[in-house]
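Good morning. I will take a few minutes to walk through one model.

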Amino acid sequence: MRGRDRTEQADAPQQKVEVRRSARRRSTVSAYRDGDTLVVLIPAGMSRAEEKHWVAEMERKLQRTESKRASPSRQTDAALLARCAQLSARYLDRAALPVSVRWVPPMRTRWASCTPVDRTIRVSERLRQVPAWVLDYVLVHELAHLRVAGHNAEFWELVQRYPKTERAIGYLEGLSAAAGWGISELDAED
């Protein structure tokens, strides 16, 4: 918090809300999510009634944006399996099809894991909120393990067919570092 800025905490029944008032902000209102908290940035001179209106408005706006961006594969294990079939067809010549893919409680040191012997993939619940292109990278990574068990050159050649591989790795490294999870790139997805 700088200078005359004020930060206020409020708890809505469904989510945490943090309102930050700024003397530098004149008329604009903006919002973003920080984990499970909705952060709303408003001018310092705004009344409590205006604040209440803008918190509700920004929450609606973010929910609309997030629902448009949300990957359908985040909903169910069956949707994850269907997404894997699409990604296998697009990037792995349909040669990597799992028997099952399921969401699992957060893993301590991995984003996901694959068991090539029984052709199953498990995906950490932590990935439900990442952008769809990041989840797609993790799925392609695990699908590649159905063809190549280790992290050798052949494996990475398959994974690199997904065009956002490097970007997604960077996103996951940043997410892990910011959250203090200690998930490193080498062991992150297998």
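This is a predicted model: local features need pLDDT of at least 70, side-chain atom pairs count only at pLDDT 80 or more; totals for chains, interfaces and linings use all residues.

Residues are numbered from 1 along each chain as its sequence is written, and side-chain values use heavy atoms, with hydrogens and water left out.

The chain has five helices and seven strands; these are DSSP runs numbered from the N terminus, helices being H or I with at least four residues and strands E with at least two. Their order from the N terminus is β-β-β-β-α-α-β-β-β-α-α-α. Of the 190 residues, 41% are buried, meaning under 20% relative accessible area with a 1.4 Å probe, protein chains only.

Now strand S4, residues 37-43. Seven of its seven residues are buried. On which strands does S4 pair, and in what sense? Strand S2, residues 16-22, runs parallel to S4 and is joined to it by seven bridges. Strand S3, residues 30-34, is antiparallel to S4, with five bridges. Two strands count as paired if DSSP finds at least two bridges between them. Val40 in S4 is the bridge partner of Val19 and also of Ala31. The hairpin of S3 and S4 has two residues between the strands, and Gly35 there takes a positive phi near 65°.

Last, helix H3, residues 132-147. From first C-alpha to last, H3 reaches 23 Å, close to the 22 Å expected for its 16 residues; the expected span is 1.5 Å times one less than the number of residues. H3 is largely enclosed by the rest of the structure, because 14 of its 16 residues are buried.

How values were computed
Buried means under 20% relative accessible area, exposed over 50%, partly exposed in between (1.4 Å probe, protein chains only).
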